[in-house]
Amino acid sequence: MRLLRRLVLDLTPLRTSRDFRLVFAAAGVSGFGSFITYVTLPYQVYQLTGDPLLVGLARRLRARTPDPAR
């Protein structure tokens, strides 16, 4: 039982702190938005140009730009 208790996440801050829940939820929304951008940007480039080389270039440029969330 002790081992299980050590391995399971402590969710007490989520239950007790409204501010922590808000920050936790905002981080989830931000992460989801970053994922959507990561997927849709190359798709949009391909739809506009039809050129796989430009898709790769756009993905490469996206990887080189600093992420404001980090």
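Which residue forms a salt bridge with arginine 18? The partner is aspartate 19, with the closest N and O atoms 3.9 Å apart. Keep in mind that you're looking at a predicted model.

**How confident is the prediction?**
- Averaged over the chain, pLDDT comes out at 87, and 90% of the residues score at least 70.
- Confidence is highest in helix H3, which covers residues 18–49, at a mean of 93.
- Helix H1, residues 2–7, sits at the other end, with the lowest confidence at a mean of 78.

**The salt bridge**
- The pairing of arginine 18 with aspartate 19 is a one-off, as the structure holds one salt bridge.
- Both of these residues, arginine 18 and aspartate 19, are exposed.

- Phe32, Phe35, Ile36, Tyr38 and Val39 together make a nonpolar surface patch of about 520 Å².
- Phenylalanine 32, one of the patch members, belongs to helix H3.
- Phenylalanine 32 counts as exposed because its relative accessible area is 56%, and the cut-off for exposed is over 50%.

- You'll find threonine 12 in helix H2, which spans residues 12–16.
- Its relative accessible area is 32%, so threonine 12 is partly exposed.
- From threonine 12 to tyrosine 43 is 31 residues in sequence and 41 Å in space, C-alpha to C-alpha.

Conventions:
Residues numbered from 1 in each chain as written. Predicted model: local features only at pLDDT ≥ 70, side-chain atom pairs only at ≥ 80, totals over all residues. Heavy atoms only, no water. pLDDT = per-residue confidence, 0-100. Helix = DSSP H or I, 4+ residues; strand = E, 2+ residues; numbered from the N terminus. Patch = residues over 30% accessible without salt bridge, like charges linked within 9 Å, V, L, I, M, F, W, Y side chains within 5 Å. Areas by Shrake-Rupley, 256 points an atom, 1.4 Å probe, with all protein chains shown as cover. Salt bridge = Lys/Arg side-chain N within 4 Å of Asp/Glu carboxyl O. Buried < 20%, exposed > 50% of the residue type's maximum accessible area, 1.4 Å probe, protein only.
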